[in-house]
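My notes follow in the order I checked things.

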Amino acid sequence: MASGVGQIVKNKQVKLKGYVKGFPKESDLYVTSDSSIELRVPDGSPEGTILVKNLYLSGDPYMRFHMGESQKPDFPSFPLDAPISGFGVAKVLESKNPEFKVGDLIWGFRIQWEEYSLITKPEGFFKIHHTDVSLSYYTGILGMPGITAYFGFNEVCSPKEGEHVFISAASGAVGQLVGQFAKLKGCYVVGSAGSREKVELLKTKLGFDEAFNYKEEHDFLAALKRFFPKGIDIYFENVGGKMLDAVLLNMRAHGRIVVCGMISQYNLDHPEPVYNLASVIYNRVRIEGFVCFDYFSRYSELLDAVLPYIREKKINYLEDVAEGLDNGPAALVGLFSGRNIGKQVVAVAHE
């Protein structure tokens, strides 16, 4: 049994103060240490219950849906004055679950933003077998963003060598991977990002052919024409709004647009209209959305494909690590102003 099990400790938590409208603020969240937890699985707990120490928490744009007063069953609101939750990496301290033993490292969904969690239904969790890479990678390249990027690009986009690929929000958790997967396929790759620093990283660190700062472009269509004079074959959509509208006018015949996210629209009361959908008809463009959970059953394929790239340094992965739960609210809210560079991670404790 793990050292310290049975001890009662304070359990620092990040909680939601009130339902968010518009852009979230740090004041919408608060950190508290007024909760205590006993480091053991209580008597009478359901079979399968595990107690974990949280190591890394993942800050992701989709969490904005849960911060509002949601009417969507797939995106229920976080309870007020309770810990928010998301993807994370944890270590098992005590277990009544035959699949997870004391000392196992796991990653999965609905890990609460707190130091210790009692998980009564550890469904959708994966045991971590490969620890020669950073554990934080299981919030990113080897976790949900990796599944999203790998299958979203290789399965939904059906890329071919030599095709022209555009990625918005290209320096984020998913976009940076899509660009590198596209380069490994022999594609020409351009990304957009929100600062000159991010643009330089895309070109020098992540191997994109070109990149531009969308905040410095007054005409998105002109910018796309500059980098894609013959049009775009694949657009990996992370932004929506005006960027999508410009892309629609620059798609090549039989192009594909895969819709992963639309972060520019998440905080708006009224989403921006898209006017150029008729281009889908003229150019026979396929638009397809997907969710990462569609591919969780194929997780082993991601590991088989991507672990060698990491070990051989054929893929780089940028992380923006906030140390400690006290910095969690700022880290999460910063996603919506582009404050992060790379995958946003909150390091709760280090293994």
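**Cores.** I started with the largest nonpolar core of this predicted model. It holds 89 residues, and Trp-107, Leu-142 and Phe-153 touch the most other members. Which helix or strand gives the most to this core? I found that H2 does, with 7 residues.

I then listed the contacts of Phe-153, leaving out residues up to four places away in sequence. Phe-153 touches Thr-148, Ser-158, Pro-159, Val-165, Val-178, Phe-181, Ala-182, Lys-185, Cys-187, Ile-234 and Phe-236. Another core lies apart from the largest one. I noted that this other core has 20 residues, including Tyr-235, Leu-244, Leu-248 and Val-280.

**H2 against H3.** I looked up the partners of H2 next. H2 and helix H3, residues 175–184, pack at an angle of about 40°. Their axes are 9 Å apart. Angles from 35 to 65 degrees fall between roughly parallel and roughly perpendicular, so H2 is oblique to H3. The crossing of H2 past H3 is right-handed.

Which residues meet here? From H2 I wrote down Pro-145, Gly-146, Ala-149, Tyr-150 and Phe-153. From H3 I wrote down Leu-177, Val-178, Phe-181 and Ala-182. I sorted the residues of this contact into 8 nonpolar, 1 polar and no charged.

**H2 against H8.** I turned to the pair formed by H2 (residues 144–156) and helix H8 (residues 299–311). They pack at about 85°, with axes 10 Å apart. That angle lies between 65 and 115 degrees, so H2 is roughly perpendicular to H8. On the H2 side I found Gly-146, Ile-147, Tyr-150 and Phe-151. On the H8 side they meet Tyr-299, Glu-301, Leu-302, Ala-305 and Val-306. The residues of this contact divide into 7 nonpolar, 1 polar and 1 charged.

**H5 and H6.** I checked another helix pair. Helix H5 covers residues 220–227, and its axis comes within 9 Å of the axis of H6. The two cross at roughly 50°, and H5 and H6 are therefore oblique to each other. H5 passes H6 in a right-handed crossing. Phe-220, Leu-221 and Leu-224 of H5 make the contact with Lys-242, Met-243, Ala-246 and Val-247 of H6. I counted 6 nonpolar, no polar and 1 charged in this contact.

I had already met Leu-244 and Leu-248 in the core of 20 residues.

**Pro-159.** Pro-159 sits in the loop between H2 and E10. Why does Pro-159 count as buried? Its relative accessibility is 13%, and buried means under 20%, so Pro-159 qualifies. I listed its contacts, not counting residues up to four places away in sequence: Phe-153, Asn-154, Lys-185, Cys-187, Ile-234 and Arg-256. I also checked Pro-159 against Ala-182. They are 23 residues apart in sequence, and their C-alpha atoms are 7.7 Å apart in space.

**Ser-70.** Ser-70 lies in the loop between H1 and E6. I noted a relative accessible area of 21%, which makes Ser-70 partly exposed. Residues up to four places away aside, Ser-70 touches Phe-65, Phe-75, Pro-76 and Ser-77. The C-alpha atoms of Ser-70 and Tyr-19 are separated by 9.0 Å, and the two residues are 51 apart along the chain.

**Positive phi.** I finished with backbone angles. Asp-81 has phi near 55°, a positive value in a residue other than glycine. Asp-81 is in the loop between helix H1 (63–67) and strand E6 (85–95), and is partly exposed at 45%. Ala-169 has phi near 50°, also positive and also not a glycine. I placed Ala-169 in the loop between strand E10 (164–167) and H3. Ala-169 is partly exposed, with a relative accessible area of 29%.

Terms used. Residues numbered from 1 in each chain as written. Predicted model: local features only at pLDDT ≥ 70, side-chain atom pairs only at ≥ 80, totals over all residues. Heavy atoms only, no water. Axes fitted to C-alpha atoms, helices over the stretch in contact; angles between N-to-C directions. Helix = DSSP H or I, 4+ residues; strand = E, 2+ residues; numbered from the N terminus. Parallel < 35°, antiparallel > 145°, perpendicular 65-115°, else oblique. Contact = heavy atoms within 4.5 Å. Nonpolar A, V, L, I, M, F, W, Y, C, P; charged D, E, K, R; others polar. Core = buried A, V, L, I, M, F, W, Y, C linked by side-chain atoms within 4.5 Å. Buried < 20%, exposed > 50% of the residue type's maximum accessible area, 1.4 Å probe, protein only. Left-handed = near helix turned anticlockwise from the far one by under 90°.
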